[in-house]
Amino acid sequence: MDIKTMIEEKMPLTLGDIVEIADKNNVRFVDIVLAEAEIQTGKSKEEILDEVLKEFEHNLHAVEVGLTTGSSLLLGTTGAQLNNMEGFRLFKDEFVDKALVYTIAAQVGNHGIGLNPCAGTGDSCPYTGFIKAMYETGYRRERVAEIAAILLKVGSMFRVGKTSTGCNMEGFGAGSTAVAAATVELLGGSAKATERAMVTAISPTIGVPCTPRVMVPALCATHIGGAILVGTLAGGLAAKTDMEVNVPIDVMLAMATAVHPISAKAIVPSVVEFMQPFFKTKEPVERLIDQAIKDEEKVHIEQTLVKAKEMAKKLAEGARPITNTLGEAVVGGSSQAVGSPTNTGRIAHFLAKGKIKKVKIELYPELFARRGINVPGVLMGSVYGSSTADGKMYKEVMELVEKEGIEVEIAKVEEYQAQKVTVVTDEGTFMVDALNRGGGRLVLRDAKPSRQEAVDIANKLGIILVEA
């Protein structure tokens, strides 16, 4: 079956479809992107490449505005300031440095003359900054057009997925993912590498809200600039290493799309609460707002600032001196998913008396889903009393427990952050009921036969207990 037939059978192509067809035929990711466009439009590859570059004409003009005369309500003349510096401006890598400067300039220009949007105007900034950097570092026009095609193809998926506010499906999310795919292409990576890059680029952007960056000075600069940095990092890792990424791109993008509206409803209200005191506005607009409304907003803002200060003070009160800040090492890759459950099991071990016959581990859904890394930790803590730093025991514990004939039961519970370890011995049943916290810490809610004894054990072991 030829490539055209394979494409026609699967159209419209998902990003995963593109990767699959390219991999089967040992061609580039961009080759399938362009071939699909030929089928969709009836135009030649050369015509498509020309039209792809035309899509960026206005946005490239916006970059020039941002680099010269443009001034933004949120970024001021940052683009021109960077442009007027000699030598490297932000990074000692010519391409990345230029891409970052042009991306920020695009946002300044966006606030002046607007951008042709993709998922939003946010992701058009890194797309355009990347293209401008290619022109300025000597890439051929056809090569620039191929990269533009990749950026637009990836962006087109986010354009559909963006249904509410949220930088996770626009400037940061879409930008990072598209730049990652483009970077792999520039580095000569395979279609599979492109998939790995896109998946890893999406991950840190999921759930990132939009509101603070579009109303507060400066914040959007690190969102859109971050798309360049995350994208080039993900692309470089994927193209230059064999780092395993086992999530299909279609699954990762679907998850990001599903989280997007949830983030808008659940996260954005809190963001607005804390950021509203710093929103930029214009006096001619404010003159149109009823004074009673503005007075009400002023009271709310004052209350929010007091609340934020109180929360910050609690953080300061709970912080340890910098000479004793870091906790004990945690094997398994996560102080929350492994460290805190392991310490729960460790307390249970020293609370228990007699020969251990059974261990029951109860975990809330997120921890249960990560059981591959935390169950070994819980078992080494509850059966052998091993600390979170015991890498040797962490590797051997599953085999040791099986050899000793200790029964293990793993259950999922719905209560948020719950982690409960029960140790059954020939002398009785011993239990520690805790809530998960990062840094290997935990909330000790209850313990049997004695909560106080469990507290004493934790203190003796140096396990940090925190308030609920």
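Select Phe130 to begin: is Phe130 buried or exposed? With 1% relative accessibility, Phe130 counts as buried (buried means under 20% relative accessible area, exposed over 50%, partly exposed in between, using a 1.4 Å probe and protein chains only).

A quick word before we move on. You're looking at a predicted model, where local features need pLDDT of at least 70 and side-chain atom pairs count only at pLDDT 80 or more, while totals for chains, interfaces and linings use all residues. Residues are numbered from 1 along each chain as its sequence is written, and side-chain values use heavy atoms, with hydrogens and water left out.

**Stop 1: the rings**

The structure holds 3 aromatic pairs (rings of Phe, Tyr and Trp, the last by its six-membered ring, with centres within 6.5 Å; planes under 30 degrees apart are stacked, over 60 edge-to-face, the rest tilted).

Now pick Tyr139. The ring centres of Phe95 and Tyr139 are 6.3 Å apart and their planes are at 75 degrees, so this pair is edge-to-face. Tyr139 sits in the loop between helix 8 and helix 9 (141-161), so its pairing with Phe95 in helix 7 links parts 44 residues apart in sequence. At 33% relative accessibility, Tyr139 is partly exposed. Show Phe95, Phe130 and Tyr139 together and you have one aromatic cluster.

**Stop 2: charges over rings**

Select Lys132 and Tyr102: Lys132 lies over the face of Tyr102, 5.5 Å from the ring centre (this needs NZ of Lys or CZ of Arg within 6 Å of the ring centre and within 35 degrees of the ring normal). Then jump to Arg371, whose charged end sits over the ring of Phe368, 4.6 Å from its centre.

**Stop 3: helix 13**

Which residues does His223 touch? Beyond its neighbours within four places in sequence, His223 is in contact with Cys167, Phe172, Val208, Pro209 and Arg213 (contact means heavy atoms within 4.5 Å). His223 is found in helix 13 (residues 219-240), and His223 is buried, with a relative accessible area of 16%. Finish on Leu229, also in helix 13, which is partly exposed at 32%.

Terms used. Helix = DSSP H or I, 4+ residues; strand = E, 2+ residues; numbered from the N terminus.
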